[in-house]
Amino acid sequence: MFGLVTSILTLPVAPVRGVIWLGELIQDQVEQKMRDPALMRRQLEEIDAAAAAGRLSEEERKQAQQAILDRMTGRRA
């Protein structure tokens, strides 16, 4: 009986809980994708190719690589 009353009283906030759950799920998926080793390797290769083509300076290349390495290790800038 108590569970039924609680369910009825909390019913109006159910959509909010659903949106929060969905937001957390999306955030987890994005973080998982951002830490994908294959994606990071591709990004590092793209940085090297851009530097070799002259589109990035040495300093820009180092900063871009460091940002990816920080993401790999979980460090925040």
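Which side chains meet in a salt bridge at 3.2 Å, N to O? In this predicted model, the pair is E45 and R41. Both residues belong to helix α3, where four residues, about one turn of the helix, separate them. The whole structure holds three salt bridges.

Helix α3 covers residues 37–52 and packs with helix α4, residues 58–73. Two packed helices are described by the angle between their axes and by the distance between those axes. For α3 and α4 the angle is about 175° and the axes lie 10 Å apart. Angles over 145 degrees count as roughly antiparallel, so α3 is roughly antiparallel to α4.

The contact can also be read residue by residue. On the α3 side are M40, Q43, L44, I47, D48 and A51; on the α4 side they meet R61, A64, Q65, I68, R71 and M72. Sorted by class, this contact comprises seven nonpolar, two polar and three charged residues.

A further feature is a nonpolar patch on the surface. W21, L22, L25, I26, V30 and M34 form this patch, and together they have about 560 Å² of accessible area. One of them, I26, is found in helix α2, which spans residues 14–34.

Conventions:
Residues numbered from 1 in each chain as written. Predicted model: local features only at pLDDT ≥ 70, side-chain atom pairs only at ≥ 80, totals over all residues. Heavy atoms only, no water. Patch = residues over 30% accessible without salt bridge, like charges linked within 9 Å, V, L, I, M, F, W, Y side chains within 5 Å. Areas by Shrake-Rupley, 256 points an atom, 1.4 Å probe, with all protein chains shown as cover. Salt bridge = Lys/Arg side-chain N within 4 Å of Asp/Glu carboxyl O. Helix = DSSP H or I, 4+ residues; strand = E, 2+ residues; numbered from the N terminus. Axes fitted to C-alpha atoms, helices over the stretch in contact; angles between N-to-C directions. Parallel < 35°, antiparallel > 145°, perpendicular 65-115°, else oblique. Contact = heavy atoms within 4.5 Å. Nonpolar A, V, L, I, M, F, W, Y, C, P; charged D, E, K, R; others polar.
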